[in-house]
Amino acid sequence: MREKPAELDEEQLVRRVARGDRAAFEELYRRSAPWLTVRLRRRCSDEQIVAEVLQETYLAVWRAAGAFAGSATDGTAVGWLWTIAARRLIDAFRRRAHHAQPPNAAAAEPAARAAEDEVLEGVVGDEVGDALRRLAPELRQVLQAMVLDGLSVRETSVLLGVPEGTVKTRARRARIAMREALS
């Protein structure tokens, strides 16, 4: 007997989506869209862009689910989804930059705590967590984009709306500050 989509993990759902299973796609969306929306909102305050990026992300998932390598490359379905969404968000910022001033993706302080901050508090040891919390917000944003989200210097530059040289400098300053705080 075939398992119901609700009983499958995300990787199994993506595999079924690759075979055109609409119910698996709906279950994947139901599970992942809320947290994906929160992560996108953390990086972009424009609800229209967030909605467009979310739609483009799931369209890409539907079309390219067969390209998901999964655990064969130490990847996860959730990580794959976030990578697609982050790249779509960067594309949206680039499109907007051609027409107007880019949105302020790097707001000084978010109104609500980000999910990543809460997870880091629970996962990262007290010493590392304290060191991260003591970093200046602009340094923490660069670390978050490059380390947690796996973005390149160029992608981080576009996402945060700062020059690539500034991203490199902030990443270096963040590494130095973390090293000093942990030694």
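View 1. The model shown is predicted. Trp62, at 33% relative accessibility, counts as partly exposed. Four aromatic pairs are found in a search of the whole structure. In the pair formed by Phe25 and Trp62, the ring centres lie 5.2 Å apart and the planes meet at 75°, so the arrangement is edge-to-face.

**View 2. The aromatic pair of Tyr29 and Tyr58.** This pair is edge-to-face, with 4.8 Å from centre to centre and 70° between the planes. Tyr29 lies in helix α2 and Tyr58 in helix α3, and their pairing links parts of the chain 29 residues apart. Tyr58 counts as buried at 4% relative accessibility, whereas Tyr29 is partly exposed, with a relative accessible area of 39%.

**View 3. The ring cluster.** Phe25, Tyr29, Tyr58 and Trp62 are linked into a cluster by ring pairs.

**View 4. Arg39 and the ring of Trp82.** Arg39 lies over the face of Trp82, at 4.2 Å from the ring centre.

**View 5. The chain surrounding the close-ups.** The chain contains nine helices and zero strands. Of its 183 residues, 39% count as buried. Among contacts between residues at least 6 apart in sequence, 63% join residues at least 24 apart. The accessible surface of the chain is about 10700 Å², and carbon and sulfur atoms account for 52% of this area.

Key. Residues numbered from 1 in each chain as written. Predicted model: local features only at pLDDT ≥ 70, side-chain atom pairs only at ≥ 80, totals over all residues. Heavy atoms only, no water. Helix = DSSP H or I, 4+ residues; strand = E, 2+ residues; numbered from the N terminus. Buried < 20%, exposed > 50% of the residue type's maximum accessible area, 1.4 Å probe, protein only. Contact = heavy atoms within 4.5 Å. Areas by Shrake-Rupley, 256 points an atom, 1.4 Å probe, with all protein chains shown as cover. Phe/Tyr/Trp six-rings, centres within 6.5 Å; stacked < 30°, edge-to-face > 60°. Lys NZ or Arg CZ within 6 Å of the ring centre and 35° of its normal.
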